[in-house]
Amino acid sequence: MNILVIGGGGREHALAWALSKSVRRPLALYCAPGNAGIAEVADCVDIGATDVQALAQFAGEKGIDLTVVGSEAPLAAGLVDEFERRGLKVAGASRAAARLESSKAFAKHFMARHKVPTARYRVVSSPRDAQRVLTSGEFGPEDSSVVVKADGLAAGKGVIVARSRSEASSAVNVLMEGGLVGADAAKRLVLEEALEGREASLLLFADGRDYALMPAARDHKRVGERDTGPNTGGMGAITAPDVLDEEALARAVREIVEPTLEGARADRLDFRGVLFIGLMLTPEGPRVLEYNVRFGDPEAEAILVRLRSDLAEIFEAVARGGLGGVNVEWSDEASACVVLAARGYPEKPETGARIRGLEEASRVPSVQIFHAGTARAADGSYTTAGGRVLGVTATGATLDQALARCYDSASRINWDGVHYRRDIGKF
Ligand code: AMP
């Protein structure tokens, strides 16, 4: 079986690592563009993740049987549509289905249409429009919070939780006119009611008909401990039974997962791939904050270390249909991923530092170290090559045990400028 993974971060390392354990033999694994850690389990191919034509040509030439896409950009760019046009099997959302992530306005209208519980919202397309909504009292009095979101893909920078009406007005201006996100992404904004509660991420595999849930996860987006400092791609993630207890899970499945998948069918979105549902667990029940049409990073690392089944077989069923007949089993453990970042991340990460202690760190029991941004020097040593550098991931009988293993392993790794949060999973 020839498999191609698209992307080059910690998430794709976890995907490639899990796929490399498939029982399907002979197995040839490629990753485009990959990274130095991924190169240990796959052949890295120097093609960018959104270079759809070059990727499709490569897949055709190499006789790739299955392509797995890590991030949203290639999906939104229509990679799946192009691969399928060429008769290539691919596990991921079509461009039309990817709009659940690539347009927040589209996602909100979808939820409204299919009665999926979410925050009340308005879509606006000019600062004047926005001011009118903000002063109308629709989202409560002057001093209540409003969330302002850029409609399009914004790499995590497009959401501002404003604590008052005047903060919301500034957020509108910063997004629409301040160049914080791309002009296209902020042509329209979603204004929405601020929800209170704990957050949880519920991910699932879907093949257009059947679905299989993954263990619920929680991530930590802020760079600093106690959730302080700027937002990042993610500094850590955990899975544990109390992220979403049985009752909350049953409710989320009934009120959110099933109406979402039925809605996607009714709208002929033909959702196949990984669906990531960001939830706020409010006192009134679970509410959808966002949909993503792929794994999160570092949620993927924390989730995939618990997979007991064959990921190649699962993705093959996602691509071809038949997921209902595939065993998707998870270990009965907790897990954690702690991201080790470079000095200056997220604003201006330093690269090129020599990483020490990796081998010793990887010998800590039940630990997997996924590379997010590393390169290999001529003498074989690893150097930092991105803001997020490593995802130190572990399983344990309890979350505390998984975390202790992560931190034991992380403490053995060193480079000039390494930093990570010591409070992952703590609140
Ligand atoms: P999103 O990309 O839409 O998930 O937003 C990113 C983050 O902003 C979420 O993980 C929440 O922490 C926060 N957020 C988004 N929407 C809301 C909301 N309606 N109420 C409160 N916080 C929100």
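Me: How many bridges join E4 to strand E5?

Reply: This is a predicted model, in which local features need pLDDT of at least 70, side-chain atom pairs count only at pLDDT 80 or more, and totals for chains, interfaces and linings use all residues. Residues are numbered from 1 along each chain as its sequence is written, and side-chain values use heavy atoms, with hydrogens and water left out. Helices (H or I, at least four residues) and strands (E, at least two) are DSSP runs, numbered from the N terminus, and two strands pair if DSSP finds at least two bridges between them. E4 and E5 (residues 90-91) run parallel, and the number of bridges joining them is 2.

Me: Which residue in E5 is the bridge partner of Val 68?

Reply: E5 covers residues 90-91 and runs parallel to E4. The bridge partner of Val 68 in E5 is Ala 91.

Me: What is the order of the strands in the open sheet of 5 strands?

Reply: E1 (residues 2-7) pairs with E4 in the parallel sense over 4 bridges, and E1 also pairs with E2 in the parallel sense, over 6 bridges. E3 (43-44) and E5 stand at the edges with a single partner strand each, so one side of each has no neighbour in the sheet. With parallel pairing, the order is E3-E2-E1-E4-E5.

Me: Which residue in E2 does Ile 6 stand opposite?

Reply: Towards E4, the bridge partner of Ile 6 is Val 69. In E2, the residue opposite Ile 6 is Ala 32.

Me: Which residues of strand E4 are buried on each of its two faces?

Reply: In a regular strand the side chains alternate between the two faces of the sheet. Buried means under 20% relative accessible area, exposed means over 50%, and partly exposed lies in between (1.4 Å probe, protein chains only). Both faces of E4 (residues 66-69) are covered, with Leu 66 and Val 68 buried on one side and, on the other, Thr 67 and Val 69.

Me: Is helix H1 largely enclosed or largely open, and what covers its buried residues?

Reply: Of the 11 residues of H1 (residues 10-20), 10 are buried, so this helix is largely enclosed by the rest of the structure. Among the buried residues are Arg 11, Glu 12, His 13 and Trp 17. Their cover includes E1, E2 (28-33), E4, H10 (299-304), H11 (311-320) and E17 (367-371).

Me: Where is the peptide bond that is cis with omega near -5°?

Reply: The proline concerned, Pro 26, lies in the loop between H1 and E2. The cis bond with omega near -5° runs from Arg 25 to Pro 26.

Me: What is the omega of the cis peptide bond from Tyr 345 to Pro 346?

Reply: Pro 346 is placed in the loop between E16 and H12. Its cis bond from Tyr 345 has omega near 10°.

Me: Which residues is Ala 353 in contact with, leaving aside its neighbours within four places in sequence?

Reply: Ala 353 is found in the loop between E16 (334-341) and H12 (358-362). Its relative accessible area is 16%, and it is buried. With contact meaning heavy atoms within 4.5 Å, the residues are Tyr 382, Thr 383, Thr 384, Trp 415 and Asp 416.

Me: Is Arg 226 buried or exposed?

Reply: Arg 226 is in the loop between E12 (217-224) and E13 (228-239). Although not a glycine, Arg 226 has a positive phi of about 60°. At 65% relative accessibility, Arg 226 counts as exposed.

Me: What is the relative accessible area of Ser 366?

Reply: Ser 366 has a positive phi of about 65° although it is not a glycine. The loop that holds Ser 366 lies between H12 and E17. Ser 366 is partly exposed, and its relative accessible area is 39%.

Me: What is the radius of gyration of the protein?

Reply: The secondary structure comes to 13 helices and 20 strands. The radius of gyration is taken over C-alpha atoms, and the globule rule is 2.2 Å times the number of residues to the power 0.38. That rule gives 22 Å for 427 residues, so the protein is as compact as a globular protein of that length, with a radius of gyration of 21 Å.
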